[in-house]
Amino acid sequence: MSAAPHLLHVFSTFNLGGPQMRAAQLLGAFGGRYRHSIVSVSAGELDARARLDKSLLVEFPSFPDLKAGNLLSRLMSIKRRISEIDPDLVLTYNWGAIEVVMCERLFRLAPLVHHEDGFGPDEVSRQIPRRKWFRRFALAGARKLIVPSRVLERTATQTWWQSSRNVCFVPNAVDIGLYDKAAAPITLPGLDRSLGGLWVGTVAGLRPEKNLTRLVRVFARVAKTLDVQLIIVGVGPEKDRIVHEAQLHGVANRVHLPGFLPEPHRYVGLFDVFALSSDTEQFPLSLVEAMAARLPAVCTAVGDIPSIVSPENTRFIVERENEDAFAAALLALLTDRNLRASIGDANRSKVELEFTLPRMIDAYDRLYRSAMTC
């Protein structure tokens, strides 16, 4: 029997985040079909390692420092290291791994598939020209470019000049069966759902582009008239700013930051309304998880969000800078239980139709195998 194909995954960091969680999900679903090596370009940042299935064949080899030396020296170091690891397929993730993509473009070491999930706070309004030109050249060396949103699909073909034959749209997905069981009343540290009141919740990295201070400001407006709590699940550098904003608006006792919590199906269903206040998104998995839990959502109209939610939910997707509309949408949902239930049911139906885990797993498996054989 021939050995399972060896996949080398290159991340800028293998800390907790959307692409990392999706990769962990895929690796678990693939089982023994592949062997895996995972690289975090930022050495030591491997928090997502704990999310991997312990039965998997996964190694964590060392890799060149992509912040040291000049570009040519880094490319030569990458070339040598990939030759030593000798993978059957290289999988790169986002801008932080783009020099590995460039190395493939120049030296043709192994088949490569690149994944793009979106942009950081430095490219919210416009792409950095240097990065745009670098992507245009480097990505031509990838056999496939996988994107989870239609917005990124258009960016790849129109802005980065990639062939539509190589750009593949694969939406993120969830295991909907996990969301059929009711969440226990006490699954969030320090909070008990059985005590009553309304909950607005979000699951997001506490990073600038998520603009969670905006969510706190909007929440403070609805909290003036309603018995409501805000739960922000996640970790990141913006925690102190979020806490300060809550204190500034007099809602510090109603804003809760329990940190990172695994297995969102165990607690997302406790929220009454899901909210995203991001300046930039592409295809937020947390939104799909909330929809699977039959929640209505109030979100900024960024990335694919307007097309992800059900048609019934679209009127609660607001312009990014319009905090008046955000507050009005939250208030409308929080004060109408029947409306929340009907939109939640419509969102669940949308997930069942378009965002199921087996479809996503099959799509990635086919794309990886075709990249190794074409």
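Mentor: Two packed helices are described by the distance between their axes and by the angle between those axes. Here the axes of helix H6 (residues 212-222) and helix H7 (residues 239-248) come within 9 Å and cross at roughly 20 degrees, where axes are lines fitted to C-alpha atoms, for helices over the stretch in contact, and angles run from 0 to 180 degrees between N-to-C directions. Helices (H or I, at least four residues) are DSSP runs, numbered from the N terminus, as are strands (E, at least two). This is a predicted model, in which local features need pLDDT of at least 70 and side-chain atom pairs count only at pLDDT 80 or more, while totals for chains, interfaces and linings use all residues. Residues are numbered from 1 along each chain as its sequence is written, and side-chain values use heavy atoms, with hydrogens and water left out.

Trainee: How are H6 and H7 oriented to each other, roughly parallel or roughly antiparallel?

Mentor: H6 and H7 are roughly parallel, a term for angles under 35 degrees, whereas over 145 counts as roughly antiparallel. The contact (heavy atoms within 4.5 Å) is made by Leu212, Thr213, Val216 and Arg217 of H6 with Arg241, Ile242, Glu245 and Ala246 of H7.

Trainee: Is valine 222 buried or exposed?

Mentor: Valine 222, which lies in H6, is buried, with a relative accessible area of 3%; buried means under 20% and exposed over 50%, with partly exposed in between (1.4 Å probe, protein chains only). Leaving aside residues up to four places away in sequence, valine 222 touches Val228, Ala327, Leu330, Leu331 and Leu334.

Conventions. Parallel < 35°, antiparallel > 145°, perpendicular 65-115°, else oblique.
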